[in-house]
Amino acid sequence: MVVQVYYTFLEEVEIVENVSFPKCLKCKVGDLLPLSDFGSQGAAIYYKAWVCSNPDCGFNLKIRNGDVYLNEPIFSGTGPNPRSQR
Ligand SMILES: [Zn+2]
């Protein structure tokens, strides 16, 4: 009996450690990482956006005001600044 309880405990630990993010279905290489944000009232908004971990892919999915947005451009800070183009 003691052994059985021990194994049950091990399985529970394994489940916790094996929390994995869904694979990106676009590039099938990266994982989709959940990103959280803070609302205007300072309240945390969990999993507001999901972004592919593969920088060459950039697939992202986010919700704003109840609408879902797919593949919005990511502002990395290193690309050309749209505001500087004339
Ligand atoms: Zn991807």
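The chain as a whole averages a pLDDT of 77, and 65% of the residues score at least 70. This is a predicted model, in which local features need pLDDT of at least 70 and side-chain atom pairs count only at pLDDT 80 or more, while totals for chains, interfaces and linings use all residues. Residues are numbered from 1 along each chain as its sequence is written.

The strands form an open sheet of 4 strands in the order 1-2-3-4, with antiparallel pairing, where two strands pair if DSSP finds at least two bridges between them. Because strand 1 (32-38) and strand 4 (67-70) each have a single partner strand, they stand at the edges, and one side of each is left without a neighbour in the sheet.

Strand 4 pairs with strand 3 (residues 60-64) in the antiparallel sense over 4 bridges, and Lys62 stands opposite Tyr69 in strand 4. The hairpin of strand 3 and strand 4 has 2 residues between the strands, and in this hairpin Asn65 takes a positive phi near 55°.

Conventions:
pLDDT = per-residue confidence, 0-100.
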